[in-house]
Amino acid sequence: MSNVYVFDHPLIQHKLSIIRDKSTGTKEFRELVEEVAMLMAYEITRDLPLREVEIETPVTMATCQVLEGKKIGLVPILRAGLGMVDGVLRLIPAAKVGHIGLYRDPETLKAINYYAKMPSDIGERELIVIDPMLATGASAAAAIQQIKNMGAKHIKFMCLISCPEGIAHLQEEHPDVDIYAAAVDERLDEKSYIIPGLGDAGDRLFGTK
């Protein structure tokens with residue numbers, strides 16, 4: 001899994017444990033998902049390029065480093081991906097946000113696209129596709145293919161929880177896309193839910209059933 005990055009930071013793992021707990025209510029669940037997304041964004045952006053600038057401190061002139069200006073785009077997969085966007089935007093407030101809507105056909109388990117709206121300069125941006133769960137990998141693969149068709153060239157995928165089946169599928173379909181996850185769980189069950197997972201992320205984020 002050379003292009004898979006799993007975050008073992010203690011704060012991420014601690015918060016993820018509370019997120020998994022079925023007794024965690026909607027408000028706390030939503031807040032924790034946002035916090036973990038922010039912590040993960042800190043790591044995902046570690047390779048952003050820097051350039052040197054001269055600034056004047058209250059004491060003297062100094063050579064410092066600032067971001068080179070590479071544009072970032074966030075693409076949450078609706079609806080659950082929305083729960084992670086604000087956490088990333090806390091660190092990268094200038095990022096533009098696209099949206100892609102997919103649902104999984106309950107019979108075929110294939111991802112069906114129903115909405116896509118991206119920044120006009122998508123080809124110039126480093127895109128982070130966001131979804132809390134990487135289960136079968138079908139939705140993530142379909143979303144990434146859709147934005148590639150729209151001109152995207154540089155894409156990363158970010159999720160809270162993944163599993164071997166989803167990782168394998170996404171790697172097969174898009175070997176050029178790095179995968180960032182807070183955990184790799186055991187497997188999928190017969191209904192394609194991640195075990196042990198956290199249940200339905202969208203339902204738990206938005207209080208629906």
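Start with what the buried residues of helix 3 pack against. They contact helix 2, strand 4, strand 5 (96-97), strand 8, strand 10 and helix 6 (201-206). Contact here is heavy atoms within 4.5 Å. The buried residues themselves are Gly 83, Met 84, Val 85, Gly 87 and Val 88. Buried means under 20% relative accessible area, exposed over 50%, and partly exposed in between, with a 1.4 Å probe and protein chains only.

A word on the source. This is a predicted model, where local features need pLDDT of at least 70, side-chain atom pairs count only at pLDDT 80 or more, and totals for chains, interfaces and linings use all residues. Residues are numbered from 1 along each chain as its sequence is written, and side-chain values use heavy atoms, with hydrogens and water left out. Helices (H or I, at least four residues) and strands (E, at least two) are DSSP runs, numbered from the N terminus.

Now helix 2 on helix 3. Axes are lines fitted to C-alpha atoms over the stretch in contact, and angles run from 0 to 180 degrees between N-to-C directions. The cut-offs: under 35 degrees is roughly parallel, over 145 roughly antiparallel, 65 to 115 roughly perpendicular, the rest oblique.

Which residues make the contact? From helix 2: Val 33, Glu 34, Ala 37, Met 38, Ala 41 and Tyr 42. From helix 3: Gly 83, Met 84, Asp 86, Gly 87, Val 88, Arg 90 and Leu 91.

Helix 1 next. Helix 1 (residues 10-20) packs on helix 2 at about 155°, axes 9 Å apart. That pair is therefore roughly antiparallel. On the helix 1 side we have Leu 11, Ile 12, Lys 15, Leu 16, Ile 18 and Ile 19. They meet residues of helix 2 including Phe 29, Leu 32, Val 36 and Leu 39.

Last, strand 8, residues 126-130. Five of its five residues are buried, so strand 8 is largely enclosed by the rest of the structure. Glu 126, Ile 128 and Ile 130 point one way; Leu 127 and Val 129 point the other.

What does strand 8 pair with? Strand 4 (residues 72-78), in the parallel sense, over five bridges. Pairing requires at least two DSSP bridges between the strands. Leu 74 stands opposite Ile 128 there. Strand 10 (residues 154-162) also runs parallel to strand 8, joined by five bridges. In that pair, Glu 126 stands opposite His 154.
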